[in-house]
Amino acid sequence: MANSSQTRKRARQNVSRNARNRSYRSSVRTSIKSLLKAVNAGDKEGAPIAYRQAVATIDKGAGRGLMHKNTAARLKSRLNRRVQSIAA
């Protein structure tokens, strides 16, 4: 356990931030999985809707610092290619 009051407070902050980030990261992964499920099923109407939801959660995650902006852009680009592949 930390000795100074500053390090005790920092440890408390780390626990709460870790839980919050884990929740955000989980929602990002869930939205990506639902999109991939729609793409693999060949759902031409559901995939663009799932894509918009996934992009929104990825952007929120990047804005909160869960991932780098370029990582989010790369992920969105790859997901968009998958959605476009079933539309063609």
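Contact, as the word is used in this tour, means heavy atoms within 4.5 Å. The model is a predicted one.

**First stop: H2 against H3.** Select helix H3, residues 69–87, together with H2. Their axes come within 10 Å and cross at roughly 180 degrees. An angle over 145 degrees counts as roughly antiparallel, and H2 and H3 are therefore roughly antiparallel to each other. Next, display the side chains where the two helices meet. On the H2 side, select Ala47, Pro48, Tyr51, Val55, Ile58, Asp59 and Ala62. Their counterparts in H3 are Ala72, Leu75, Lys76, Leu79, Asn80, Val83 and Ile86. Coloured by class, this contact shows eleven nonpolar, one polar and two charged residues.

**Second stop: the loop between H2 and H3.** Select Met67, which is located in the loop between these two helices. Leaving out residues up to four places away in sequence, Met67 touches Val28, Ile58, Gly61, Ala62 and Ala72.

Now select helix H1, residues 5–41, and helix H2, residues 46–63. How far apart are the axes of H1 and H2, and at what angle do the helices pack? The axes are 9 Å apart, and the packing angle is about 160 degrees. That angle makes H1 roughly antiparallel to H2. H1 passes H2 in a left-handed crossing. To view the contact, display Val28, Ser31, Ile32, Ser34, Leu35, Ala38 and Val39 of H1.

Centre the view on Thr57, in helix H2. Is Thr57 buried or exposed? Its relative accessible area is 18%; the cut-off for a buried residue is under 20%, so Thr57 is buried. Apart from neighbours within four places in sequence, Thr57 is in contact with Val28 and Ser31. Display the side chains of Thr57 and Ser31 to see the polar contact of 2.7 Å that joins them.

Conventions
Residues numbered from 1 in each chain as written. Predicted model: local features only at pLDDT ≥ 70, side-chain atom pairs only at ≥ 80, totals over all residues. Heavy atoms only, no water. Axes fitted to C-alpha atoms, helices over the stretch in contact; angles between N-to-C directions. Helix = DSSP H or I, 4+ residues; strand = E, 2+ residues; numbered from the N terminus. Parallel < 35°, antiparallel > 145°, perpendicular 65-115°, else oblique. Left-handed = near helix turned anticlockwise from the far one by under 90°. Buried < 20%, exposed > 50% of the residue type's maximum accessible area, 1.4 Å probe, protein only. Polar contact = N/O pair within 3.5 Å; in protein donor to acceptor, adjacent residues only side chain to side chain. Nonpolar A, V, L, I, M, F, W, Y, C, P; charged D, E, K, R; others polar.
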